Amino acid sequence: MNPSSALSEFLRTRRARLQPEDVDLPDYGGRRRVAGLRREELAHLAGVSVDYYTRLEQGRVGNPSDAVLDAVARALRLAPDESGHLHRLARPAARPRRRPVARQQPRPSLLHLLEQLHDTPALVMGHRMDVLAWNRAAVALLGDYGALPVEDRNIARITFLDPASRELYADWAACARENVAFLHLEAGRRPDDPLLAELVGQLCLGSEEFRQMWAEHPVADKTSGRKSFRHPLAGTLDLAYDTLRPADDAGQALVTYTADPGSASDDGLRVLLSWAASG
């Protein structure tokens, strides 16, 4: 996960998704050799020379200023997560000498919270999307992580390589893309993480869909939203999810799934958890 090549890929994919009319530029017609904006158009919008932008996109600008990166982000209409990703790729931190990296262990404070959530499906997720801990309600909703080898307890790996996930998630493609976007974000934050690089490589080899999504370079943090599940016992469950991170450790998160009170999904989740408790 080389920051220079990742920066080139990221900027090219973001140029490709914009057309002149999207950024109030005239389109003089004619066939374009590349999809989206040309480099000279993006340079004009960002207020930099074509040569400078070309070198930036090729990863040949050693220390671009915040002002230039902010101007490029505005020109590309980047979302906040994408803008932060651009800054990290364009100005990577000094690369420390690589040390052996151990798999994460769940924080005791998050484990304590998890133990209190008897009726709420919840799990502790690491920065590589490893499932570090889970409760019985999560097993009822998502499956038994304890039955998997430790190295397979990973949300992205399960999503792309376990056929059952395509049945469980009503909008599998959206969930899959969300996972890819989060892994790209973390790859920008941790370019020297060998276990993260290994995971991405294995998913690229094991899933054509992952490989295609990875090449599109989506970037987004995992925060909150909604997911619809097609559960074999409880039927359709429309649930809200929230990602709760300790203020002093963004590398782990408690992920919870809840139903709207009084909804059909609330009833279905209660039935599912009652069944799990009696099993």
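## Crossing of α4 and α5

In this predicted model, helix α4 passes helix α5 in a right-handed crossing. The residues that make this contact are Asp66, Leu69, Asp70, Val72 and Ala73 on the α4 side, and Ser83, Leu86, His87 and Ala90 on the α5 side. Sorted by class, the contact of α4 with α5 comprises five nonpolar, two polar and two charged residues.

Two packed helices are described by the angle between their axes and the distance between the axes. Helix α4 covers residues 66–75 and helix α5 covers residues 80–90; their axes come within 10 Å and cross at roughly 135 degrees. Because of that angle, α4 is oblique to α5.

## The largest pocket

Rolling a probe the size of a water molecule over the atoms shows where empty space is left. The largest pocket has a volume of about 500 Å³. Its lining is formed by 28 residues, and those nearest the centre of the pocket are Leu142, Gly143, Ile158, Asp162 and Leu168.

## Elements and residue classes of the lining

Two or more residues of the lining of the largest pocket come from each of the helices α7 (136–142), α8 (155–161), α9 (164–168) and α10 (172–189), and likewise from each of the strands β3 (224–231) and β5 (252–258). Helix α8 gives the most to this lining, with five residues.

By class, the lining of the largest pocket consists of 16 nonpolar, five polar and seven charged residues.

Conventions:
Residues numbered from 1 in each chain as written. Predicted model: local features only at pLDDT ≥ 70, side-chain atom pairs only at ≥ 80, totals over all residues. Heavy atoms only, no water. Axes fitted to C-alpha atoms, helices over the stretch in contact; angles between N-to-C directions. Helix = DSSP H or I, 4+ residues; strand = E, 2+ residues; numbered from the N terminus. Parallel < 35°, antiparallel > 145°, perpendicular 65-115°, else oblique. Left-handed = near helix turned anticlockwise from the far one by under 90°. Contact = heavy atoms within 4.5 Å. Nonpolar A, V, L, I, M, F, W, Y, C, P; charged D, E, K, R; others polar. 1 Å grid on protein atoms, 1.4 Å probe; cavity = no way out; pocket = protein on both sides within 12 Å on 5 of 7 lines; lining within 4 Å. Points joined across faces, edges and corners; volume = space filled by probe spheres on them.
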